[in-house]
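These are my notebook entries on a structure that I had not consulted before. I set down what I looked up, topic by topic.

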Amino acid sequence: MDETTEPEATDSSNQTEEHTEVKLHPCDICWKLFTSKKLLSSHKCIHTGKKQHQCDICGKTFAQSSHFSRHKRIHTGEKPYRCDICDKSFSQKYNFSQHKRIHTGEKPYHCDICGKAFSENGGLVAHKRIHTGEKPYKCDICDKAFSVPGNLVTHKRVHTGEKPYQCDICGKSYSGSSNLSTHKRTHAEKNPYHCDICDKSFSGSAALSRHIRLHTGERPYHCDICDKSFSQIAHFSRHIRIHSGERPYHCDVCGKTFPESGHLSRHKRIHTGEKPYNCDDCGKAFSEKGHLVDHKRIHTGEKPYHCDICGRAFALSSTLVSHKRIHTGKRPYYCEICGKTYSESADLVLHKRIHTEERPYDCDICGKTCSGSANLSRHIRIHTGVRPYHCDVCGKTFSQSGHFSRHKRIHSGERPYHCDICSETFSRSDNLTQHKRIHAGEKP
């Protein structure tokens, strides 16, 4: 019996020794234990940075074989983990485990500050940054910081102009997937979100929330610098840039910066020459929609901007602003060389060329140079004899619009230039200037 039991004791001793040896494979850097030398070798690649597994399709390398195996499924499309409730399949076990919580409602990750629960650990980590204010993901272009890496990725598209999410119905593209999802609802027959006040419907809940503020007057976004409040966060964000001077939208051609993405989009057309807005009357194209709207008034004759002093009407708001300075005498544009002032910035630009002697506009007929494009246009009419301004009362024609405007006042009796001392009126500005010298005691 001793002889038979002795080997058994030896065998048992050997088995224990073998079993002990299997578990003693420590990492000499972090002292983590592994059950085999193969696993230990794979683990050490974390410390050495060695990536011994290479994908023969895309060339990407991996330190651990398990990571390599998961990666290969990107190319093969293999999704071995299938949900037995909804039949959805996944390429990674971790994603499968997270998905199952949709059906079970399990939320094992709890915030120890407010108690909110999450189905994923990543959701909890991101949520905690609301309490800490931590924003570890910083844009290397404008230094704006974000609490979630996905928000940084989306933000960077502001600078690059990238819009990778495209609608497969109309082709419109977006920088964020959520924006595309909202857009797609516009193609659906119904908008599922309804306002219970006016029955208007919307494609997204966020759009409905913004709309409801029209009824309630709620303006929850408050500027703590100037106390102005806003109903929409986008409007608030744009307003804040007035105070901060932030201009996060960069032109990758010339480096010019802008506070709003729309301004950058319009600016880029200077470089591309794109003019997407076409006049359906004469075919003229414009880079901005507003310019097309202004141009159409040439065809319609519409003049919606009225001077409240003399009643004169204008097609452009900017022309009305300039006109009003005739009445007020305001000349806000100042030459820092000679002190002369002007009512319009374009006039100041032309004036400065007197000092610089710059004459950038050349006549290709006689070689004469002019300081302004309008001067060149007037000069060319000497060669061509063109008199494009035609009086429909008496038939007289003029080569210059200024002469034509003065002539029309003979027929209309209009006297738009007012003396602010004696209230006498004049049809020409130079006559008013001469008249004012009488009050000043100067010889006219």
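Entry 1, helix α6. I looked up what covers the buried residues of α6 and found that the cover includes β9 (137-138), β10 (145-146), β11 (165-166) and β17 (249-250). Here I take helices (H or I, at least four residues) and strands (E, at least two) as DSSP runs, numbered from the N terminus. The buried residues of this helix are L152, H155, R157 and H159. I call a residue buried under 20% relative accessible area, exposed over 50% and partly exposed in between, with a 1.4 Å probe and protein chains only.

I note that the model is a predicted one, in which local features need pLDDT of at least 70 and side-chain atom pairs count only at pLDDT 80 or more, while totals for chains, interfaces and linings use all residues. Residues are numbered from 1 along each chain as its sequence is written, and side-chain values use heavy atoms, with hydrogens and water left out.

I then checked the length of α6. The helix holds twelve residues, 149-160, and spans 17 Å from its first C-alpha to its last, close to the expected 16 Å. The expected span is 1.5 Å times one less than the number of residues. Just after α6, I found G161 with a positive phi of about 75°.

Which residues does E120 contact beyond its neighbours within four places in sequence? I found Q98, R101 and Y109, where contact means heavy atoms within 4.5 Å. E120 sits in the loop between β8 (117-118) and α5 (121-132). Its C-alpha atom is 9.7 Å from that of S97, and these two residues are 23 apart along the chain. E120 counts as partly exposed because its relative accessible area is 35%.

With residues up to four places away in sequence not counted, S343 touches R325, K330, R331, P332 and Y333. S343 has a relative accessible area of 18% and is therefore buried.

I searched the whole structure for disulfides and the result was zero; the criterion is a pair of cysteine sulfur atoms within 2.5 Å. C139 is buried at 0% relative accessibility, whereas C142 is partly exposed at 22%.

Side chains of opposite charge can pair when their charged atoms come close. I counted 14 salt bridges, each a side-chain nitrogen of Lys or Arg within 4 Å of a carboxyl oxygen of Asp or Glu.

I examined E134 and R129, whose closest N and O atoms are 3.9 Å apart. E134 is partly exposed at 42%, and R129 is buried at 12%.

I also examined R297 and D294, with the closest N and O atoms 3.1 Å apart. Both lie in helix α11 (residues 289-300), three residues apart, about one turn of the helix. R297 is buried at 11%, while D294 is partly exposed at 29%.

K352 and E336 form a salt bridge as well, at 3.3 Å between the closest N and O atoms. This pair links distant parts of the chain, for K352 is in helix α13 and E336 is in the loop between β23 (333-334) and β24, 16 residues apart. K352 is partly exposed at 29%; E336 is exposed at 53%. I noted, too, that salt bridges with shared partners join D294, R297 and E302 into one network.

Entry 6, aromatic pairs. The search of the whole structure gave seven aromatic pairs. Rings of Phe, Tyr and Trp (its six-membered ring) pair if their centres lie within 6.5 Å, and planes under 30 degrees apart count as stacked, over 60 as edge-to-face and the rest as tilted. The rings of Y389 and F404 have centres 6.1 Å apart and planes at 25°, so I record this pair as stacked. Y389 belongs to strand β27 (residues 389-390) and F404 to helix α15 (residues 401-412), 15 residues apart. Y389 is partly exposed at 25%, and F404 is buried at 13%. Lastly, I noted a cluster in which ring pairs link Y81, F90 and F96.
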